[in-house]
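These are my notebook entries on a structure that I had not examined before. I set down what I looked up, entry by entry.

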Amino acid sequence: MADPTQSSSPIFKLLLLLIIPVIYSTYVYQTDNYNAGPLPEDHSFETSISVPEWHDRILAKTQRIGEGLLHGPEDLAYDPKSRFLYTGCLDGWIRRVDLAGDGEFKVENWVQTGEDGRPLGVVLGLDGSLIIADAYEGLLKVSPDKEVEVLVDEAKGVKFGITDGVDVASDGTIYFTDASYKYRLDNHMFDILEARPHGRLMSFDPSSNETIVLLQDLYFANGVAVAPDQKSLIYCETVLRRCRRYYIQGEKKGINESFIDNLPGYPDNIRYDGEGHYWIGLSAGRTMLWDIFFKYPILRSILYVADKFVTVPKSMKNSGVLGVSLDGQPVALYSDPNLILVTGGLKIGNYLYYGSLYKSYISRIDLTQTKIPEK
């Protein structure tokens, strides 16, 4: 029998040249604080949930607001009294857009969260303040006169790595997430690739300054939204393509259960619109390639190593916003093959506003031009 290493020696040597460095580098870097893990056994790779109404070419119907002035708008918060729309930008500035104008949208540099700040989640407080989950600075409060206060930046002795989603209950309690205590925002993709539970869901009581860790061991804990009845909240786990419900009041207080699973993309922020729907930003559509990566930790380790030397395309297209009913049933999805890294959606009147980390503007869609099923 011929020796395969001799009969196809050029190919065999080429394979060795390619594979051995990758295996060696994977071993070296995996011992250097990186350790890709398998997803939980109950995670499904079956077909994604069916959405009754899917608009898959929304860019053609999208209006751009504040183009060139709003770089990387992450989350959105709206004050119906002043008609200002607030968002956190890549350069650390909270900017607000005046929606009161008739077709003219004035953009104002409102406040900067810090020299190294990167505001992610934003929500209005009960006293007219703005509550901010800043990836680097922690949980912040900005008063109406633009005084910035750090409310908390650690819990149980562990500093927040990526303070991410935030919402405020009717009693003033602030609920927020730390996506990863291990990684920072500038290398958050390493947390995604590692796919281990480094996230936490927490509450902060402004009256006592007490921070409570409600849940830990979450897979990139992201957006959070308090339910309209104030008995529970919905939070997103990006890596697992799901959102769960955690009860904060009533007989079921402390219970953590499924809300919506097997999403058609990776969830980021979630917002309730006051009209019976949650809106979930999907940062990227689900793909066969990412399913394969998440099935096999060794492939994610190779991708992690490769990404240290070259820019590896992450296939983050088919992003969008998903509308969901109060009981977790998908209602409508607005997406586009060329839309990248949408982080959240907010319905204001007849319009759906959304931001993208790759854009320099806020986008909006006129929902009167599309049909939204009844809640």
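**Entry 1. Terms and basis.** I take helices (H or I, at least four residues) and strands (E, at least two) as DSSP runs, numbered from the N terminus. I note that this is a predicted model, in which local features need pLDDT of at least 70 and side-chain atom pairs count only at pLDDT 80 or more, while totals for chains, interfaces and linings use all residues. Residues are numbered from 1 along each chain as its sequence is written, and side-chain values use heavy atoms, with hydrogens and water left out.

**Entry 2. The second largest pocket.** I began with the pockets. On a 1 Å grid over the protein atoms alone, a pocket is an open set of points with protein on both sides within 12 Å along at least five of seven lines, where a 1.4 Å probe fits; lining residues have an atom within 4 Å of a point. Grid points are joined across faces, edges and corners, and a volume is the space filled by probe spheres set on the points. The second largest pocket has a volume of about 710 Å³. I found 31 residues in its lining, with Tyr78, Asp79, Pro80, Val123 and Leu124 nearest the centre. Two or more lining residues come from each of the strands E3 (76-79), E4 (84-88), E7 (119-124), E13 (163-168), E17 (221-226), E21 and E25 (342-348). Which element gives the most to this lining? Strand E3 does, with four residues.

I then sorted the lining by class: Ala, Val, Leu, Ile, Met, Phe, Trp, Tyr, Cys and Pro count as nonpolar, Asp, Glu, Lys and Arg as charged, and the others, Gly among them, as polar. The lining of the second largest pocket has 19 nonpolar, five polar and seven charged residues.

**Entry 3. The largest pocket.** I read a volume of about 890 Å³ for the largest pocket. His188, Met189, Met316, Leu341 and Leu357 are the closest to its centre among the 36 residues of the lining. Helix H3 (188-194), strand E21 (265-272), strand E22 (277-285) and helix H4 each give two or more residues to the lining of the largest pocket. H3 has the largest share, four residues. By class I counted 20 nonpolar, eight polar and eight charged residues in the lining of the largest pocket.

**Entry 4. A nonpolar surface patch.** Accessible areas come from the Shrake-Rupley method with a 1.4 Å probe, and for residues only the protein chains shown count as cover. Patches are made of residues with over 30% relative accessible area and no salt bridge; nonpolar side chains (Val, Leu, Ile, Met, Phe, Trp, Tyr) are joined within 5 Å, like charges within 9 Å. I found a nonpolar patch of about 500 Å² made by Met288, Ile292, Tyr296, Ile298 and Ile302. Helix H4 (288-295) and helix H5 (297-307) each supply at least two of its residues.

Methionine 288 belongs to helix H4. I list methionine 288 as exposed because its relative accessibility is 65%.

**Entry 5. Salt bridges.** A salt bridge is a side-chain nitrogen of Lys or Arg within 4 Å of a carboxyl oxygen of Asp or Glu. By this rule I counted 14 salt bridges. One of them pairs arginine 95 with aspartate 91 at 2.8 Å, N to O. Is arginine 95 buried or exposed? Arginine 95 is buried, because its relative accessible area is 8%, whereas aspartate 91, at 38%, is partly exposed. Aspartate 291 and arginine 286 also meet in a salt bridge, at 2.8 Å, N to O. With 11% relative accessibility, aspartate 291 counts as buried. I also found that salt bridges with shared partners join Asp75, Asp167 and Arg271 into one network.

**Entry 6. Backbone angles.** Asparagine 209 is not a glycine, although its phi is positive, about 60 degrees. I located asparagine 209 in the loop between strand E15 (199-205) and strand E16. Asparagine 209 counts as exposed, because its relative accessibility is 55%. Asparagine 318 likewise has a positive phi, near 60 degrees. Asparagine 318 sits in the loop between H5 and strand E23 (320-325), and is partly exposed at 38% relative accessible area.

Technical notes: Buried < 20%, exposed > 50% of the residue type's maximum accessible area, 1.4 Å probe, protein only.
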